[in-house]
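The following exercises examine one structure step by step, each with a worked solution. Please study the sequence and the model before reading on.

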Amino acid sequence: MNPFSSSTRLRDMIRSIRACKTAAEERGVVRKECADIRASINENDPHDRHRNLAKLMFIHMLGYPTHFGQMECLKLIASPGFPEKRIGYLGLMLLLDERQEVLMLVTNSLKQDLNHTNQYVVGLALCALGNICSAEMARDLAPEVERLIQFRDPNIRKKAALCSTRIVRKVPDLAENFINAASSLLKEKHHGVLITGVQLCYELCTINDEALEFFRKKCTEGLIKTLRDITNSAYQPEYDVAGITDPFLHIRLLKLLRVLGHGDADASDLMTDILAQVATKTESNKNAGNAVLYECVETIMAIEDTSSLRVLAINILGRFLSNRDNNIRYVALNMLMKAIAFDDQAVQRHRVTILECVKDPDASIRKRALELVSLLVNENNVKQLTKELTDYLEISDEDFKEDLSAKICSIVEKFSPEKIWYIDQMLKVLSEAGKFVKDDVWHALIVVISNASELHGYTVRALYKAVLTYSEQETLVRVAIWCIGEYGDLLVNNVGMLGIEDPITVTECDAVDVVEDAITRHNSDMTTKAMALVALLKLSSRFPSISERIKDVILKQKGSLLLEMQQRAIEFNSIVERHKNIRWSSLVERMPVLDEATFNVRRAGSLPASVSTMAKPSVSIPNGVSAAPLVDLLDLGSDDILAAPSSSSGADFLQDLLGVDLGSSSAQSGATPAPKAGTDLLLDILSIGTPSPAQNSTSAIDLLSTADMNNNSSTALDTLSSSAPPHIATTASAGGMFDLLDGLSPSPSKEATNGPAYPPIVAYESSSLKIEFTFSKPSGNPQTTNVEATFINISPNTFTDFVFQAAVPKFLQLHLDPASSNTLPANGGKVTQNLRVTNSQHGKKSLVMRMRIGYKVNGKDVLEEGQINNFPRGL
Amino acid sequence: MIHFVLLVSRQGKVRLTKWYSPYTQKERSKVIRELSGVILNRGPKLCNFVEWRGYKVVYKRYASLYFCMCIDAEDNELEVLEIIHHYVEILDRYFGSVCELDLIFHFHKAYYILDELLIAGELQESSKKTVARIISAQDQMVEAAKEEAGSISYIIAQTT
């Protein structure tokens with residue numbers, strides 16, 4: 001602009017940047033230019049502003065920071081000339097976004113420009129406002145924009161209309177103000193104004209129900225007429241695209257008719273004819289025509305039932321599906337997903353074609369087709385479809401396997417007609433894509449296997465065979481070693497042969513080989529190794545003849561770099577060594593059948609770091625001496641696993657049961673490495689070590705810390721472990737354990753003396769429920785807080801199935817004990833539950849907790865949620 | 001609604017970006033990196049749609065340039081292809097058989113044209129002629145201002 005200016009021209013800067021051969025060189029040039037621009041900005045010379053901003057925009061596009069130019073935009077916008085304003089607004093839209101506070105400074109300039117005498121200046125302001133306005137600006141400037149919708153020039157009217165769509169999106173309250181103005185635009189002849197007007201009406205209808213009613217009553221017929229006119233109009237070169245007059249207008253009209261017809265039979269009726277006409281007459285050999293047809297199909301499917309039209313729509317989709325153009329096939333798959341809702345049969349007819357699309361080389365199409373297939377599955381075709389998908393799993397791309405296997409798993413889980421089929425399919429998936437399978441899927445498989453007692457033999461043999469071939473699939477290996485550990489005897493003895501099986505001969509050594517292989521392989525991860533270790537322990541009792549060999553394998557893990565493995569290896573080793581002396585076989589007997597319902601509940605609600613305790617009295621199944629505490633342990637242990645963020649989830653309780661806690665290996669020092677006597681040993685395995693101050697509550701199994709906080713029971717434990725002779729892993733100890741479990745609620749009086757007193761709080765209060773927390777600290781451990789939660793029903797109805805769930809941030813660890821009951825009687829009924837919170841940032845951060853309470857009132861589910869921020873400081 | 005428009009060259013160089021939804025600078029460069037990685041690696045025969053973070057990205061290649069528009073999952077993908085083509089045709093008419101260099105050296109012009117085509121992520125004008133007319137009217141205003149500024153009397157007035 002200024003011939004005397006010294007700075008380089010925009011063109012020259014772009015040239016020199018393009019001439020750079022390396023990124024470093026480019027950075028150098030940009031740095032120099034930025035320095036010049038900054039200098040020039042500081043000089044505040046209005047002549048270079050224009051050029052500086054243009055350069056900055058280019059630099060910005062290359063990804064360099066340009067915030068220092070933001071104020072220049074504002075200055076340019078505020079200057080009187082059109083060229084300055086033009087580039088200023090461009091810079092504003094490019095360099096700023098609606099969240100920057102600088103933007104507020106421009107509101108005044110915008111207001112002036114919206115009232116400018118030059119329509120192009122008004123246009124610039126509208127465009128900028130429409131592209132980046134924030135809610136605040138929308139509120140401030142809405143009256144101006146509303147007025148401009150009636151402006152004489154169509155160029156301004158259409159810009160104002162789109163600007164209004166942005167405004168009502170940002171501030172839905174303003175929608176009412178625009179209804180009248182928008183309806184006036186629908187009568188326009190100018191296509192630009194009409195398109196934007198229809199768009200504005202569409203936006204208003206989706207935001208505001210009143211608007212929807214208004215347009216439905218007043219405008220439906222007019223819109224249908226407009227659509228008819230444009231469909232039947234003669235060739236108009238200005239708007240023609242591939243033989244169709246203004247497909248953009250077509251599409252917007254159809255879209256608006258869709259919302260007007262949806263849920264209203266009368267309006268739907270009115271538009272039937274024109275929709276049929278568009279659906280039949282539109283040329284489908286070019287993309288523009290297909291775009292219109294696509295929109296028309298969507299409208300037909302969304303409006304109220306007109307079955308003849310729907311047949312037409314499904315036929316169009318069928319044609320789309322067999323089209324050679326990938327784009328058309330993609331949208332067909334997309335639409336068929338919606339069509340399933342009202343005509344499943346028609347879509348099922350295309351099943352073969354859709355299955356072919358799952359195998360398409362195009363990832364986008366594959367993904368759509370897979371979604372569609374999973375919707376097509378029902379009880380009748382599940383076997384056939386699953387077979388197709390699993391067959392394809394073998395040959396599919398690696399990066400597609402994850403999606404595909406996840407879908408197969410969910411299909412199989414949902415529709416499996418019988419357990420054996422479920423197990424078979426899961427084995428196939430695990431064999432082909434085991435490394436992509438999510439944890440909860442194989443956990444679910446184990447739960448199902450555990451429940452299918454007649455299939456244990458079959459499953460373990462099938463897994464054994466599979467793992468020999470696919471030993472690189474981590475999750476397959478895990479499931480296999482779990483099953484071999486549990487059902488190893490069935491594997492070797494061919495117990496429970498099904499008619500369909502070929503008999504195989506597996507020696508005890510072969511079975512141990514598989515597990516040994518898993519534990520020694522360098523790329524097995526910690527979880528697999530830990531599971532293998534437990535399996536070995538179990539096998540040592542199943543296969544007494546080779547227990548020496550098993551002991552050796554276990555012993556090798558003494559040198560493991562993982563502390564947990566090392567420790568367990570030593571413990572297990574001494575168990576195996578002594579197993580002839582003690583009647584410990586009940587300890588490594590089969591897992592009790594895992595409760596499917598509990599697992600599913602947990603799986604459904606398994607948020608990271610959340611604890612869900614079923615608020616029921618702890619179950620005790622008197623089916624054996626140590627089995628009852630085992631079951632209890634199982635419950636507690638698994639809950640804790642959910643609470644410890646580093647452990648995966650659900651089925652880890654298998655390892656937990658035996659004290660192999662992966663999540664908190666270093667923190668847990670509960671079990672003494674060298675057991676002294678048989679009883680100690682047993683207690684150790686169950687992680688009920690003699691209480692020591694070092695034990696802290698991160699340990700997986702909470703009987704330990706229960707002992708810590710409840711002096712009564714820990715005394716009981718002390719007496720127990722010191723006095724009980726080795727053979728007494730029977731009634732006496734069992735009784736002790738029951739005591740331990742029963743005495744879970746610590747006596748408040750004792751707690752109060754343990755540390756500084758904290759005032760009780762009302763953690764939550766609603767119209768029906770009140771929650772109070774009382775706090776206490778165990779002595780010697782300031783990080784831990786024991787919370788006694790009291791739930792009080794203040795409504796006149798009884799709550800049943802009461803469940804309290806809580807989640808805490810990462811720096812906290814939370815353990816929930818079972819609640820005292822799951823029923824809250826009406827009018828002041830109480831339930832208590834103990835929580836233990838460990839604050840790893842004690843003294844720095846205070847406690848915070850989010851909770852969810854579910855219960856039933858008169859058979860209806862009620863869910864309450866809340867966040868507790870009012871914990872006393874210093875907890 | 002169109003959330004953003006992206007022009008990327010085959011080498012992955014950004015030629016134009018326009019954001020109709022708020023993205024911070026950091027997110028913007030992440031989006032660009034992510035998408036150009038996906039789109040540039042797709043084969044020529046595949047469909048023009050990519051599903052991405054719950055949105056769809058419709059792209060089309062013209063010579064060495066990829067034109068990408070990100071839309072909501074329920075929007076009409078085929079129509080967006082037409083919008084891209086519409087834009088390209090207008091550019092072509094404006095520059096006279098447009099090439100990548102035109103868009104590099106006159107990037108601001110490409111933005112001006114886009115602003116006459118889309119506002120708030122919605123189509124504003126379906127007539128190429130109308131867009132061309134409005135753009136040239138504004139260009140003329142700029143030219144007129146330039147001439148005035150370049151006139152000797154103006155320079156004298158400024159320097160004295």
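**Exercise 1: A helix and its cover**

In helix H4 (residues 70-78) of chain A, the buried residues are A:Gln70, A:Glu72, A:Cys73, A:Leu74, A:Leu76 and A:Ile77. Here buried means under 20% relative accessible area, exposed means over 50%, and partly exposed lies in between (1.4 Å probe, protein chains only). Helices (H or I, at least four residues) and strands (E, at least two) are DSSP runs, numbered from the N terminus. This is a predicted model, in which local features need pLDDT of at least 70 and side-chain atom pairs count only at pLDDT 80 or more, whereas totals for chains, interfaces and linings use all residues. Residues are numbered from 1 along each chain as its sequence is written, chains are lettered from A and ligands numbered from 1 in the order in which they are written, and side-chain values use heavy atoms, with hydrogens and water left out.

Task: State what covers the buried residues of H4(A).

Solution. The cover includes helix H2 (23-43), helix H3 (46-61), helix H5 (82-95) and helix H6 (107-114) of chain A. Contact means heavy atoms within 4.5 Å.

**Exercise 2: An enclosed helix**

Task: Explain why helix H25 of chain A is described as largely enclosed.

Solution. Step 1: H25 (residues 456-469) has 14 residues and reaches 20 Å from its first C-alpha to its last, close to the 20 Å expected at 1.5 Å a residue; the expected span is 1.5 Å times one less than the number of residues. Step 2: eleven of the 14 residues of H25(A) are buried, and therefore the helix is largely enclosed by the rest of the structure. Step 3: the buried residues include A:His456, A:Tyr458, A:Arg461 and A:Val467. Step 4: what covers them includes helix H23 (419-433), helix H24 (439-451), H26 and helix H27 (508-520) of chain A.

**Exercise 3: Strands of chain B**

Task: Determine which strands pair with strand E1 (residues 2-9) of chain B, and in which sense.

Solution. Step 1: two strands pair if DSSP finds at least two bridges between them. Step 2: E1(B) pairs with strand E5 (residues 65-72) of chain B in the antiparallel sense over seven bridges, and B:Val8 stands opposite B:Tyr66 in E5(B). Step 3: E1(B) also pairs in the antiparallel sense with strand E2 (residues 14-19) of chain B, over five bridges, and B:Leu6 stands opposite B:Thr17 in E2(B). Step 4: E1(B) and E2(B) form a hairpin with four residues between them, and B:Gly12 in the turn has a positive phi of about 90°. Step 5: E1(B) is mostly covered, with eight of its eight residues buried.

**Exercise 4: Chain B as a whole**

Task: Describe the make-up of chain B and the confidence in it.

Solution. Step 1: chain B holds six helices and seven strands, and 59% of its 160 residues count as buried. Step 2: its average pLDDT, the predictor's confidence in each residue from 0 to 100, is 89, and 96% of the residues score at least 70. Step 3: among the elements of chain B, helix H6 (residues 152-159) has the lowest mean pLDDT (69), and E5(B) has the highest (94). Where pLDDT is low, the predicted coordinates should not be read in detail.

**Exercise 5: The interface**

Task: State how many residues of each chain take part in the contact, and what area is buried.

Solution. Step 1: the contact takes 74 residues from chain A and 67 residues from chain B. Step 2: about 6,100 Å² is buried between the two chains, and carbon and sulfur atoms give 57% of it; buried area is the accessible area (1.4 Å probe) that two parts lose on being put together, summed over both. Step 3: A:Met61, A:Arg86 and A:Phe248 supply 13% of the area that chain A buries against chain B, more than any other three residues. Step 4: the predictor gives the complex an ipTM of 0.93 and a pTM of 0.67.
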